[in-house]
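Thanks for coming. I will take a few minutes to walk through one structure, and I will keep to what can be read from it.

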Amino acid sequence: MKTQIRKIGIMLMFVAIWVFAACDTDVTHHIPAVDAPLLKATLPATGSTNLKTGNNTIKVAYDKNIYFATDDLSKLTISGGTVVSADVIGASDTLIIQVNLPQKGTLYTLTIPEGVVLGPNRMPAPAVSLQFTTMSIDGSTANSSITTEAKKVYDFLLANYEEKTISGMMANVAWNTDQAEQVYNWTGKYPAMNCFDYVHIPFSSKGGWIDYSDITPVKNWWNNNGLVLAMWHWNVPKLYTRLTNSDNTPKEMPSDWSGNVQLTDDASKALFATAQAGDIIKVSVTAVASGAQGSFKTSADGWPAIADGTEYFDISGDFTLAITEEILTKLKATGLIIGGHDYTVNSVGLYAGDNAGGIKYAFYKKDTSFDADNALKEGTWENEIFTSDLKKIAEYLKLLQEENIPVIWRPFHEAAGGWFWWGKNAESCKKMWIAMFDYFKQQQLNNLIWVWTAEPNDAEWYPGDAYVDIVGRDLYDKSTADCLTEYNSIAATYGNKIISLSECGTVGLISEQWKAGARWAWFMPWYGNKDTGTPHADEAWWKDAMEQSYVITRDQLPSMK
C-alpha cells in the first residue's frame, strides 16, 4: 500500500510541474526573420516608351508574396495621371495597378511609398519609383512630298486628335453628297467630311451613268470648306480565262494589215466550249495609233467576219466582242482570229458577261477568280488588271490634285476580314499596298493622306509606318462598350498613329463613346439602310452627335486652301 501511495505522489508531482510550465507566460517564442519584399520586375518594364493614352494596367512583381490594403490606394501616385485601382489577387507576389494616362508623348512617374506594400510578417517593402512614357504621334506624313493643302489637312487632324472628333458621312454610289444633305436637313449642320467611293470605275465613262472624270461633286464640297475622303471598293472581273497566241507574247498589228492573233487550235476551241452566250471576249491593247482598226474573224475559208460589224471597226483602246448563240457556234467550230492594224494586242480574255452586254465585276473574294497572289506577277491576267486599274485610278485622283484638293485616301479596307479579293493573305495585301503607294509617288500624286483599316488581330497585315498616316477601324452593330474595347485595342497597337472610326453603322451614340474614352479622330456612318429598313445612323443618332461641343461640323472647319 505504501508503495502505491508513493507512486501516486510522484505522478501528482509531475502533473504539477507540467501545469506550472504550461501556465508560464514568460516563455520566449523564436520566429525566423523574413526579409522585406524587393521589386523583381514590372510589366510593362519600367522605362517603357510605348504605353497608350487612357487606361493601362501595370503589374509590379516582388520576390515574395505581398499584401496591399485597398485603403492605401490614395498613397499610390502617378504624376500627371490617375491611379484608378490597385489590388493583389489571392496569394500572389504581384500588385496589379490600373492607371489612366491622359496625354500622348508624356513621361509619367508611378510612386509606391515605403510600407504601402507589405511582405510576410508585415515586413514593409522599400519605396518604388517607376517611369513610363506614352506613345506620341509620328507627326510626319508617309509621303514627304505631300502637297501644301494635304499637309494642312493632316496637321488639322493631328492638332484635334483626342481633343475633338470630326463628323463625316459616306456618299452613296452615285458620286454625290446627298447623304450629307440629309444630315443637314436633320440637324441644321453639315458633316465636316464626305467620303466618295470609286467603286464603279469599270463603268465610268463620259456620257455614262457615272463619270469619275466629272469631279464637280467633290470640287463643290471642297469649295464649301468640306474635307474630302475617298475609298475604293476595287471591282475586278468575276470570271476570267486567258486566251493566248502560240507564244503568249504581245502581238503587233502593223499598218500593212499583216498582223493577227490566231486562236484556232484545239486548246482555244476547248476554252470556247466552256463559254456561254452573253460572255465577253476582251482584247487588251497598247500602242494604238490614230486611225487604228480591229476585227474579229473566223478561220473559215477567206477568214470572214464572225458577225456583222466585227470587221475593221475603229478602235482607240481595248475592245470587246459580245458572244451570241450564233457567234458561240462559230467559236466552237473554227476558233477566232483577231486582226486589224496600227495597234498591239497584249492579251485576250474570256469574261463572264452581264445581262446588259458588259463584263461582270465583283469585289467579294467569293465572287471572282482573281488571285491576289498574282496581282504583282508579270505575265498574269491579274497583274494586267491590277496595273491597268492603278493607272485609271491615278488619273482620276490627279484630276483632284490639279484642283489642289487633298484626299484622305482609304484603299484595301477591311483586308484581314477576308471577304474582299485583296484579303487573301497578309503578304499579298501588304505588297499591293506598297506597290500602289510607290506607283502613286512615281506619278507625282502627292495629295493623298493614307488610311489603313485595321481588323482584330491583324498586325501582320500592317504595311508599315512608312506607308501609313492614319489607322481606321470599321464597326457595325456594336455597343458603346464594344466601340471602346476596339478603340483601346487599336490604340495599344498603333498608338503612334491617328485613329479613326473610318466606317460605322448602328453603333453607340457618339456622346456615349466619347464619354467612355473612345476618342476617334473622326466618325463616318455608312449610307443607306439596314435590311430592316432602319438607317445605319438615324436622325436621333445624328442629333446627338451634332449637339456635342467636341464634334466638328463643316461650318467650324478652317480653310485648308
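A term first: a pocket here is an open set of grid points with protein on both sides within 12 Å along at least five of seven lines, and a residue lines the pocket if it has an atom within 4 Å of a point. Please also keep in mind that this is a predicted model.

With that, the second largest pocket. It holds about 380 Å³ of space. Its lining has 19 residues, and those nearest the centre are His233, Tyr364, Glu414, Phe420 and Glu503. By class, the lining has 10 nonpolar, 2 polar and 7 charged residues. Strand 26, residues 470-478, gives the most to this lining, with 5 residues.

How many cavities of 30 Å³ or more does a search of the whole structure find? There are 2.

The largest cavity has a volume of about 40 Å³. Around it are Thr165, Ile510, Gln513, Trp514, Ala518, Arg519, Trp520 and Phe523. In terms of class, that is 5 nonpolar, 2 polar and 1 charged residues. Helix 10 gives the most to this lining, with 3 residues.

The second largest cavity has about 30 Å³ of space. Asn143, Phe437, Phe440, Lys441, Leu445 and Trp450 line it. Here the classes come to 4 nonpolar, 1 polar and 1 charged residues. The largest share, 3 residues, comes from helix 8, which spans residues 426-442.

Helix 10 comes up again when we turn to helix 11, residues 539-546. In helix 11, the buried residues are Trp541, Trp542, Asp544, Ala545 and Met546. What covers them includes two helices, helix 3 (178-187) and helix 10 (510-516). The cover also includes strand 10 (165-170), strand 27 (498-507), strand 28 (522-525) and strand 29 (551-552). As background, an α-helix has 3.6 residues a turn, so residues three or four places apart point the same way.

Next, a single residue in a loop. His200 sits between strand 11 (193-197) and helix 4 (216-223). Is His200 buried or exposed? The relative accessible area of His200 is 16%, and buried means under 20%, so His200 counts as buried. Setting aside neighbours within four places in sequence, His200 is in contact with Val173, Trp209, Ile210 and Tyr212.

I will finish with two sheets. In general, strands of a sheet pair through backbone hydrogen bonds, either parallel or antiparallel.

Strand 1 and strand 2, the latter covering residues 54-62, pair over 4 bridges. To place one of these on the model, look for Leu39, whose bridge partner in strand 2 is Tyr62.

The other open sheet has 3 strands in the order 4-7-9, and the pairing is antiparallel. Strand 4 (77-78) and strand 9 (128-133) are the edges, and each pairs on one side only. How many bridges join strand 7, residues 107-112, and strand 9? They pair over 6 bridges, in the antiparallel sense. Thr111 stands opposite Ser129 of strand 9.

That is where I will stop.

Methods: Residues are numbered from 1 along each chain as its sequence is written. This is a predicted model: local features need pLDDT of at least 70, side-chain atom pairs count only at pLDDT 80 or more; totals for chains, interfaces and linings use all residues. Side-chain values use heavy atoms; hydrogens and water are left out. Buried means under 20% relative accessible area, exposed over 50%, partly exposed in between (1.4 Å probe, protein chains only). Contact means heavy atoms within 4.5 Å. Two strands pair if DSSP finds at least two bridges between them. On a 1 Å grid over the protein atoms alone, a cavity is a set of points where a 1.4 Å probe fits but cannot get out, and a pocket is an open set with protein on both sides within 12 Å along at least five of seven lines; lining residues have an atom within 4 Å of a point. Grid points are joined across faces, edges and corners, and a volume is the space filled by probe spheres set on the points. Ala, Val, Leu, Ile, Met, Phe, Trp, Tyr, Cys and Pro count as nonpolar, Asp, Glu, Lys and Arg as charged, and the others, Gly among them, as polar.
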